[in-house]
Amino acid sequence: MKRKIPTIDEWNQLYDAAVEFKKAECWDWMYDNDIFGVKDPKSGKIAYCCIMGNNGELFGIAAYLGSEGLEGALRLLSGEADSNDPENLFLQKCLMCTFEDRNALAPEDLKLIRDLGLKFRGKNEWPVFRHYEPGFFPWFIDSDQCRFLTHILRQALDVSLQCKKNKKILHHTTPYTFLVRVPEADSIEDLSWKDTYLTAKPSKREYVSFNISNDIHVKRLLKYKTNRGNALEVDTFFTPAPVKDKDRPYYPKTCIFLDHVNGMIVSFEMLRDIRSEGWKCVEQLAALIEKNGMMPSKLLVSREETYHLFSEVCKQLGINIEMVERLDYMEEARCDMFNFFQR
């Protein structure tokens, strides 16, 4: 669906809110683990907000969208997800307002600022607004996101000023419960806001699984004997080189097979979307079996996504699939690929 561009009035309101938020310098007393929510007056969805800048590096606010966004934020803040791992960039689901140097802005940002008649000068003074979606390149916001981010900035300022007097308002005895700014109004144009405490619903992860639908093909593969010493490491992850699309660039998904004995890459496939094209990974395994003339003894995986992707075909072919904490060679192969694409 084509992005609905914000109106001039919507842009002006967003920039006004960003300027007011910047002036307050809330990051002097707010930390990125001081999480609170803002409810969208239009959709009813909640953005879980983290104010950035206390460490003096990146200044702004990240508003993580819904339970999925919140889960990703908590994994980063807890250290469960390595903040230095570039793959985490592909997993964020949030709206973000950051204050950058001029040279960090895209030509579209600079043109918009000129068209609005706005002026910014200096380091970390230029507002940048982006939408982060898992698997997609950070992108320009649409009309609905512009309106919601305007509310987020205004309510984040309100919460921050409350926290300056008493940060205990962010704490609640019930786990997974956060202070949320909730709108009350007769219309979206006439809003008042109140503090409430809401318990976030855990994010439900859904995975896809594929098998071989051609029974003749399955019978042909089952004739191959199993090589007991031939275990394969398998992983699925985003490739760090975005691919241009009609509207928004995306990060392709990579499916890679490694020899568990020597770490050599034995098969490699790139997909646009694993949910619609995951069957290619199953075909990839079948082609590998036919090429080698033998069945692998087992598949070793470290992600739930990869486990579910191959679980059905492994049942079909009698291949053991084992979930492990760490794959011996995969991390090195993945880092080599990231370094290659980021040269």
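Me: Among contacts between residues at least 6 apart in sequence, what percentage join residues at least 24 apart?
Reply: In the protein chain, 66% of those contacts do. Keep in mind that this is a predicted model.

Me: How many helices and strands are there?
Reply: The protein chain has 9 helices and 12 strands.

Me: And what box do the C-alpha atoms fill?
Reply: Roughly 70 × 45 × 40 Å, taken along the principal axes.

Me: What share of the residues count as buried?
Reply: The protein chain has 343 residues, and 47% of them count as buried.

Me: Let's do helix packing. At what angle do α1 and α4 pack?
Reply: About 25°, with the axes 9 Å apart. Helix α1 covers residues 8-24 and helix α4 covers residues 143-165. Angles under 35 degrees count as roughly parallel, so α1 is roughly parallel to α4.

Me: Is the crossing of α1 and α4 left-handed or right-handed?
Reply: Left-handed.

Me: Which residues meet there?
Reply: On the α1 side they are E10, W11, Q13, L14, A17, A18, E20, F21 and A24. On the α4 side they are S143, C146, R147, L149, T150, L153, R154, A156 and L157. By class, the contact of α1 with α4 has 11 nonpolar, 3 polar and 4 charged residues.

Me: Stay with S143. Is S143 buried or exposed?
Reply: S143, which is in helix α4, has a relative accessible area of 2% and is therefore buried.

Me: What does S143 contact, leaving aside neighbours within four places in sequence?
Reply: K4, I5, P6 and E10. E10 is also one of the α1 residues in the contact with α4.

Me: Now C146. Which residues does C146 touch, not counting those up to four places away in sequence?
Reply: C146 touches P6, E10, W11, L14 and I141. C146 lies in helix α4, and because its relative accessibility is 0%, it counts as buried.

Me: How far apart are the C-alpha atoms of C146 and R130?
Reply: They are separated by 9.6 Å, and the two residues are 16 apart along the chain.

Me: Changing topic: how many disulfides does a search of the whole structure find?
Reply: It finds 0. C146 is in no disulfide, and the nearest cysteine sulfur, that of C97, is 11 Å away.

Me: Is C255 buried or exposed?
Reply: C255 counts as buried, because its relative accessibility is 0%.

Me: Back to helices. How do α5 and α7 cross?
Reply: Their axes come within 10 Å and cross at roughly 40°. Helix α5 is residues 215-222 and helix α7 is residues 279-292. The two helices are therefore oblique to each other, and α5 passes α7 in a left-handed crossing.

Me: Which residues in α5 and α7 meet?
Reply: H217, R220 and L221 in α5 meet A286, I289 and E290 in α7. The residues of this contact divide into 3 nonpolar, 1 polar and 2 charged.

Me: Why do you keep quoting both an angle and a distance?
Reply: Because two packed helices are described by the angle between their axes and the distance between the axes.

How values were computed: Residues numbered from 1 in each chain as written. Predicted model: local features only at pLDDT ≥ 70, side-chain atom pairs only at ≥ 80, totals over all residues. Heavy atoms only, no water. Axes fitted to C-alpha atoms, helices over the stretch in contact; angles between N-to-C directions. Helix = DSSP H or I, 4+ residues; strand = E, 2+ residues; numbered from the N terminus. Parallel < 35°, antiparallel > 145°, perpendicular 65-115°, else oblique. Left-handed = near helix turned anticlockwise from the far one by under 90°. Contact = heavy atoms within 4.5 Å. Nonpolar A, V, L, I, M, F, W, Y, C, P; charged D, E, K, R; others polar. Disulfide = S-S within 2.5 Å. Buried < 20%, exposed > 50% of the residue type's maximum accessible area, 1.4 Å probe, protein only.
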